[in-house]
Amino acid sequence: MGMSAITFFGGRKGADDFVAQVGDVSGLGISIGSHSCTAALNAFGGIRRIAVLTPYWLVMNAEVAHYFSDMGFSVVRDIALQCRSWTSIAQVTPAECVAALKGLDGDDVDAIVQVGTNLSMIRVAAAAELWLGKPVLAINAATYWHALRANGITEKREACGRIFEEL
């Protein structure tokens, strides 16, 4: 499902309730950003301390941190880009994303997670894994990966990050 923010509200219970509601109405199983990121982090193994990049404001970052805390992760630090509109999220440049990733990284972080589906970071995240030496998850890649794996499709893809190359 190509949306992010709402899937973090209310922590684990809120995400589970969202999946159940959509499933009840549609009759379909869905992959949502929050649970997809969790599944990917768990698939890597050994990840407990994360940093988070969002296009949101601080109040939304608190919801994201609450969700990840419920799922057993510690959000060590986060950056809220504070984009003023949904369309301005799509205008964030790759250079801005790279600077943010560098600001989030540290020895105290096992992985970096980017949320916000309109902030397309698949290629930037894949490249960042090379110079950061750790998983960098773009929520759109994680959601696509999760949807494929949930449907038994295990094909590998290049240039989408370690999630598609290794898991």
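**Cysteines**

I looked up Cys 160 and found that this residue counts as buried at 18% relative accessibility, where buried means under 20% relative accessible area, exposed over 50% and partly exposed in between, with a 1.4 Å probe and protein chains only. The model is predicted, so I kept in mind that local features need pLDDT of at least 70, that side-chain atom pairs count only at pLDDT 80 or more, and that totals for chains, interfaces and linings use all residues. Residues are numbered from 1 along each chain as its sequence is written, and side-chain values use heavy atoms, with hydrogens and water left out.

I then searched the whole structure for disulfides, taken as pairs of cysteine sulfur atoms within 2.5 Å, and the search returned zero. Cys 160 is in no disulfide, and its nearest cysteine sulfur, that of Cys 37, is 15 Å away. Cys 83 is likewise in no disulfide, with the sulfur of Cys 97 as the nearest one at 8.8 Å; Cys 83 is buried, its relative accessible area being 13%.

**Thr 38**

I next located Thr 38, which sits in helix α2, residues 33-44, and which counts as buried at 4% relative accessibility. Leaving out residues up to four places away in sequence, I listed its contacts as Tyr 67, Phe 68, Met 71 and Phe 73, a contact meaning heavy atoms within 4.5 Å.

**Fold and extent**

I noted eight helices and four strands in the chain, using DSSP runs numbered from the N terminus, with H or I of at least four residues for helices and E of at least two for strands. Read from the N terminus on, the order of the elements is α-α-β-α-β-α-α-β-α-β-α-α.

For 167 residues a compact globule would have a radius of gyration near 15 Å, and the chain agrees with its 15 Å; the radius is taken over C-alpha atoms, and the globule rule is 2.2 Å times the number of residues to the power 0.38. Along the principal axes, the C-alpha atoms fill a box of roughly 40 × 35 × 30 Å. I also recorded that 46% of the 167 residues count as buried, and that, among contacts between residues at least 6 apart in sequence, 70% join residues at least 24 apart.

**Surface and charge**

The accessible surface of the chain comes to about 8100 Å², with 55% belonging to carbon and sulfur atoms, as computed by the Shrake-Rupley method with a 1.4 Å probe. I counted 13 positive and 16 negative side chains, the centres of the two sets lying 2 Å apart; Lys and Arg count as positive, Asp and Glu as negative, and His and the chain ends are not counted, while each charge is placed at NZ of Lys, CZ of Arg, CG of Asp or CD of Glu.
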